[in-house]
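Please consider the structure shown below. The paragraphs that follow lead through selected residues and their surroundings.

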Amino acid sequence: MTGLTAFLPPGVLSASLRRLSFSMGILLGLAIGGPAFAGCNDEAAAGVDWTRCYMGERTFLGVDLTAARLRDATFQRSDLSGAKLVRAAAYRAKFVSARLSRAVLDEGNFGEADFSRARLDGASLRGADLRRARFYGADLRKADLSGARLEGADFLEANLSGAVWTEDSRICAEGSIGQCN
């Protein structure tokens, strides 16, 4: 045995190396962009990070959530009427039974989001990414979907009466349920 190992009792060096290795791993992980923790208790504001936060059954009337990070967040039965979610990153967010009447979701990423039974009457979803989003039984009366990406979106039993449709900005006929007539 040479150097430092000659003066240490057996097992001390291996335990010390394990602790040092663990500490270095944590520091390295933080230095290269380890997991970011969302501020679930942060106030509603533009650019807020509510990734994976539970915001169910709350009131957010008219709040400005422009460019907010809402990936996998839950807003079940929340009231976001008149809220501004422009360019929000809300991939896989859950808005089940939420109120989004007159909300502005323009240019946001709502891919695979769940809007089942949500009220989106009069909402603006211009240019939004709604691919594979679910709108089962949602109220989209007079909503503006012009320029929205809807590949794979599910509108089963959704009310689209008076909605502005994507392709040619046509207005859906009264009684358009599940599809724009």
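Ser 101 touches Ser 81, Gly 82, Arg 119 and Asp 121, leaving aside residues up to four places away in sequence. The model in which these contacts occur is a predicted one. Ser 101 is located in the segment after α1 (12-31). Because its relative accessible area is 4%, Ser 101 is buried, the limit being under 20%.

Asp 106 also belongs to the segment after α1. With a relative accessible area of 17%, Asp 106 is buried. Its contacts, again without residues up to four places away in sequence, are Leu 85, Val 86, Arg 87, Ser 124, Leu 125 and Arg 126. The side chains of Asp 106 and Ser 124 are joined by a polar contact of 2.5 Å. Between Asp 106 and Arg 87 lie 6.3 Å in space, C-alpha to C-alpha, although the two are 19 residues apart in sequence.

The aromatic residues come next. The structure holds ten aromatic pairs. In one of them, the rings of Trp 50 and Phe 75 have centres 6.2 Å apart and planes at 45 degrees, so this pair is tilted. Both residues lie in the segment after α1, and the pair therefore ties together parts 25 residues apart in sequence. Trp 50 and Phe 75 are both buried. Phe 75 also pairs with Phe 60 in an edge-to-face arrangement, with 6.1 Å from centre to centre and 75 degrees between the planes. Phe 60 counts as buried at 9% relative accessibility, and Phe 75 does so at 0%. One aromatic cluster includes Trp 50, Phe 60 and Phe 75, among other members such as Phe 95 and Trp 165.

Note on methods. Residues are numbered from 1 along each chain as its sequence is written. This is a predicted model: local features need pLDDT of at least 70, side-chain atom pairs count only at pLDDT 80 or more; totals for chains, interfaces and linings use all residues. Side-chain values use heavy atoms; hydrogens and water are left out. Helices (H or I, at least four residues) and strands (E, at least two) are DSSP runs, numbered from the N terminus. Buried means under 20% relative accessible area, exposed over 50%, partly exposed in between (1.4 Å probe, protein chains only). Contact means heavy atoms within 4.5 Å. A polar contact is a pair of N or O atoms within 3.5 Å; within protein, one must be able to donate a hydrogen and the other to accept it, and residues adjacent in sequence count only if both atoms are side-chain atoms. Rings of Phe, Tyr and Trp (its six-membered ring) pair if their centres lie within 6.5 Å; planes under 30 degrees apart count as stacked, over 60 as edge-to-face and the rest as tilted.
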